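Please examine the model shown below. This report concerns its nonpolar core and the packing of its helices.

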Amino acid sequence: MWLIRSAGQEGDVGRAVATFRQLQRTQPELVDVMAYNVTIDACASNKQMALAKQLFEEMRKEYPINLVTCNTIMKGHCVAGDLDSARRTLKEMDESDITPDA
């Protein structure tokens, strides 16, 4: 996870996602909600929301969405200046019975 987070903090989304994909291929048992959340955060923090949403949708197929994931997606939309999408995420949280914490 540290390598993914570090790449995201350095603004290297490509490296963050490549590291995540390598983890999926070589050690799939280590891929969990936290691994997805760290990778989604790397994308969202760098305004790569299309990629963040792609990972979010991929994650939903295997794991239930959670508060951390939704907050990360909302943060990314806000950072990118897309408040309408942030509101849609908030609505989706409500529909999924996820209570916002702020």
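This is a predicted model: local features need pLDDT of at least 70, side-chain atom pairs count only at pLDDT 80 or more; totals for chains, interfaces and linings use all residues.

## The largest nonpolar core

The largest nonpolar core holds 26 residues, of which Phe20, Tyr36, Ile40, Cys43, Ala52, Leu55 and Ile73 touch the most other members. Two or more residues come from each of the elements α1 (2–9), α2 (13–26), α3 (33–44), α4 (49–62) and α5 (67–79). Helix α3 provides the largest share, seven residues.

In soluble globular proteins, nonpolar side chains tend to be buried together.

## Packing of α2 and α4

The axes of α2 and α4 lie 12 Å apart, at an angle of about 20 degrees. Angles under 35 degrees count as roughly parallel, and α2 and α4 are therefore roughly parallel to each other. Their crossing is left-handed.

On the α2 side the contact involves Val13, Val17, Phe20, Arg21 and Gln24, while α4 contributes Leu51, Gln54, Leu55 and Glu58. By class, five of these residues are nonpolar, two are polar and two are charged.

Beyond its neighbours within four places in sequence, Leu55 is in contact with Val17, Phe20, Arg21, Tyr36, Thr39, Ile40 and Cys43.

Ile73 is located in helix α5. With a relative accessible area of 0%, Ile73 is buried, the cut-off for this class being under 20%.

Apart from neighbours within four places in sequence, the contacts of Ile73 are Ile40, Met49, Ala52, Lys53, Phe56 and Thr89. Ser85 is 12 residues from Ile73 in sequence, and their C-alpha atoms are 9.1 Å apart in space.

Conventions:
Residues are numbered from 1 along each chain as its sequence is written. Side-chain values use heavy atoms; hydrogens and water are left out. A nonpolar core is a set of buried Ala, Val, Leu, Ile, Met, Phe, Trp, Tyr and Cys residues joined through side-chain atoms within 4.5 Å. Buried means under 20% relative accessible area, exposed over 50%, partly exposed in between (1.4 Å probe, protein chains only). Helices (H or I, at least four residues) and strands (E, at least two) are DSSP runs, numbered from the N terminus. Contact means heavy atoms within 4.5 Å. Axes are lines fitted to C-alpha atoms, for helices over the stretch in contact, and angles run from 0 to 180 degrees between N-to-C directions. Angles under 35 degrees count as roughly parallel, over 145 as roughly antiparallel, 65 to 115 as roughly perpendicular and the rest as oblique. A crossing is left-handed if the near helix is turned anticlockwise from the far one by less than a right angle, and right-handed if clockwise. Ala, Val, Leu, Ile, Met, Phe, Trp, Tyr, Cys and Pro count as nonpolar, Asp, Glu, Lys and Arg as charged, and the others, Gly among them, as polar.
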